[in-house]
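Open the model in a viewer and keep the selection tool to hand.

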Protein chains: 2
Amino acid sequence: MGNVTIKDVANETGLSIATVSYAINGKKNLPPETVQKVQEAIKRLGYIKNYSASSLVSNTSHLIGVVIPQTEPGSAMVFENPFYSQILSSIEYHARLRGYHVIVSGTNADEKYFNLASQRNLDGVIVIGAYSEDFFNGLPSESIPVVLVDSYLQKDGYSQVKLDDVQGGYLATSYLLEHGHEKIGFLSGRRKEGGVSLNRYNGYEKAMNEAGKKIVNEWVMTCNVGFEAARKITRKIMGGLDITAVFCTADIMAVGVIRELNSMGIRVPEDISVMGFDNLNIANYCTPSLTTVGQDIFEKGKQAVEMLYKHLAEEEEKGIRKLSGGECILPLEIIERESVCRINA
Amino acid sequence: MGNVTIKDVANETGLSIATVSYAINGKKNLPPETVQKVQEAIKRLGYIKNYSASSLVSNTSHLIGVVIPQTEPGSAMVFENPFYSQILSSIEYHARLRGYHVIVSGTNADEKYFNLASQRNLDGVIVIGAYSEDFFNGLPSESIPVVLVDSYLQKDGYSQVKLDDVQGGYLATSYLLEHGHEKIGFLSGRRKEGGVSLNRYNGYEKAMNEAGKKIVNEWVMTCNVGFEAARKITRKIMGGLDITAVFCTADIMAVGVIRELNSMGIRVPEDISVMGFDNLNIANYCTPSLTTVGQDIFEKGKQAVEMLYKHLAEEEEKGIRKLSGGECILPLEIIERESVCRINA
DNA sequence: CTGAAAGCGCTTACAG
DNA sequence: CTGAAAGCGCTTACAG
């Protein structure tokens, strides 16, 4: 059982528990032979540190919280969109490398998430996605580093990992324009002020304007960011539209669009070209495979962890709790596959 | 800050910390007015229980560990296969309903996972997938409930959540036979003794035997359980095989097969019918959509949590630490979509 | 270079 | 029905 304690190690070595603790944590610089004696005893006894105890006294738990949005209240977490699982796996991996464990959590609409931070003495929190302003109330903002991924909130003291979404929308649209498309649809989730969807729309608009192309109102479509919602809007609207291409701001939507166009007998890309955004695994799974704006999700998760870690290390070293509120903007690139073709205007 | 303690609540109410603790945990049955006084003070003060402290003294953390296999060592977690993210989301959700938090973790090949159980005082562990025998060494088996999901290890005292895989293989194959197929290929991961793949193979074999159909050696194919591996084996082997249908023991493989057949100009299902297993979301994403043996992943995650919870509740009530080592076998059903067609033999 | 001791915030026999 | 007190396993000034 895990009931070998620091006390047993002290007895075994003939040292005090204080010294054992110092040795374990590399605090005072003890003579190497003392440290070694302790390490040997630890191995011999199978000692394992009790984080509950150390967390209680030192106020650091080596635990980070990861929050993932819950679309349908009352249902499971939003793992319909593989984006979340992909970034979560990257976060877990990099946290582990740094010696942290990860508590994943959806959000109870009724309960304040950040209670968890106090209950568990979390060292930091990574928030993925967009939340309402009052989600962040009750967050001990000066006391715990928070990294926001893909959030459009501009909170002081919070670090951010994001994309240049305007640029992404611009890239995608330019790519379509270069391939001869002029009548280009746009499909996204709700375009909220400062949000990802609106930013990508702005990029789309910018590219269209620069190319001197008009955007027809009906080309701009909105639905939930999901596979089924995208199928539905494709069936109801997109099929009847006079467009040669559509830019979807999420791969999960683009895959839905392709799936439905296939069903309707509308050929992709011959009749309609489809462009996505994310470069998820599923972009390879559909036929035709999806040309998309690629973001590096693995890197995104890594950066989130690294930003957190930097704070934590600084805190420890200099005793600062002041957060820099840094920002990290990751690059984007076009990933060419089969869902877009060249046409002659 | 979260530094309102039980002591503050005691001061506020004029009660002792013991009584406050009793009130919070509903231990002795205190008079309702005492309990209410405490609850009011808690609300007023914004008291939040410190789990590090309670875990330290009571040896229960309200924390459960979830282990997910890591295919490529050194890379991220196996979220390539959406199965893992889907079940994880179900587990997190149901754990949360029960008041537990979830620590997700891949496995460092070098390190013993179960250290985590001691370090964090985990109340229980859910292990998803198959692991080598010595993964389980160092697990405090009598002291902490463990639920194995889709494991083929027969460990005493571990609960199991699984499928009737033989039955699943039988169902899939029978479905194909009923649709007139006789030359039916089989694609799975490595068929280890007692493992999921071998069991599904046995179901396949049984159905073929009962129908009086011979299985040709080359029809039985093996590759990694992944999209790319399935594509590759399709290109190299399956294309040249004299079969009219193939049963893949995982949707992620079936989707790879369909994708590659599409690329090769082999029509699905007209030239080759494809059958999957799992009923993941991606079964809808491909064209044609995938006919598959459906398991209820949401329910699987739920059962895993419930089995754990049952143990935990029993422990608390009767002080038993003896595990029942129960078993839960979930039902399977054919989900018809478009990737299988009827042929005339 | 090392140790005795206080204390982190809880829970839980035990006593009254 | 309620409380004083010990103790869970650590860390960390402080003293020597």
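Which residue just after α2(B) takes a positive phi? Select B:G26: its phi is about 60°. The model is predicted, so local features need pLDDT of at least 70 and side-chain atom pairs count only at pLDDT 80 or more, while totals for chains, interfaces and linings use all residues. Residues are numbered from 1 along each chain as its sequence is written, with chains lettered from A and ligands numbered from 1 in the order in which they are written.

**Helix α2 of chain B**

Step back to residues 17–25 of chain B, which form helix α2. Helices (H or I, at least four residues) and strands (E, at least two) are DSSP runs, numbered from the N terminus. Colour B:T19, B:V20 and B:A23, which are buried. These three cover an arc of only 100° around the axis, which puts them on the same side of α2(B); the arc is that of the directions from the helix axis to the C-beta atoms. Now show α1 (6–13) and α3 (32–45) of chain B, against which the buried residues of α2(B) pack. On the face turned away from the buried side, select the exposed residues B:A18 and B:N25. A residue is buried if 20 or more other C-beta atoms lie within 10 Å of its own, exposed if 12 or fewer, and partly exposed in between, with C-beta atoms placed from the backbone.

**A residue of the core**

Next select A:V257, one of the residues with the most contacts inside the largest nonpolar core, which has 168 residues. Such a core is a set of buried Ala, Val, Leu, Ile, Met, Phe, Trp, Tyr and Cys residues joined through C-beta atoms within 7 Å. Beyond its neighbours within four places in sequence, A:V257 is in contact (C-beta atoms, placed from the backbone, within 7 Å) with residues including A:L187, A:A230 and A:C248.

**Between the chains**

Display both chains: 49 residues of chain A are in contact with 49 residues of chain B. On the chain A side, α5(A) gives the most, with eight residues. Then select β2(A) and β2 (residues 101–105) of chain B, which pair in the antiparallel sense over three bridges; pairing requires at least two bridges found by DSSP. Here A:I103 stands opposite B:I103.

Finally, superpose chain A on chain B: a rotation of 180° with 0.0 Å of shift along its axis does this at RMSD 0.1 Å, by least squares on the C-alpha atoms of residues with pLDDT of at least 70 in both. That is the relation of a two-fold axis.

Notes:
Two residues are in contact if their C-beta atoms, placed from the backbone, lie within 7 Å.
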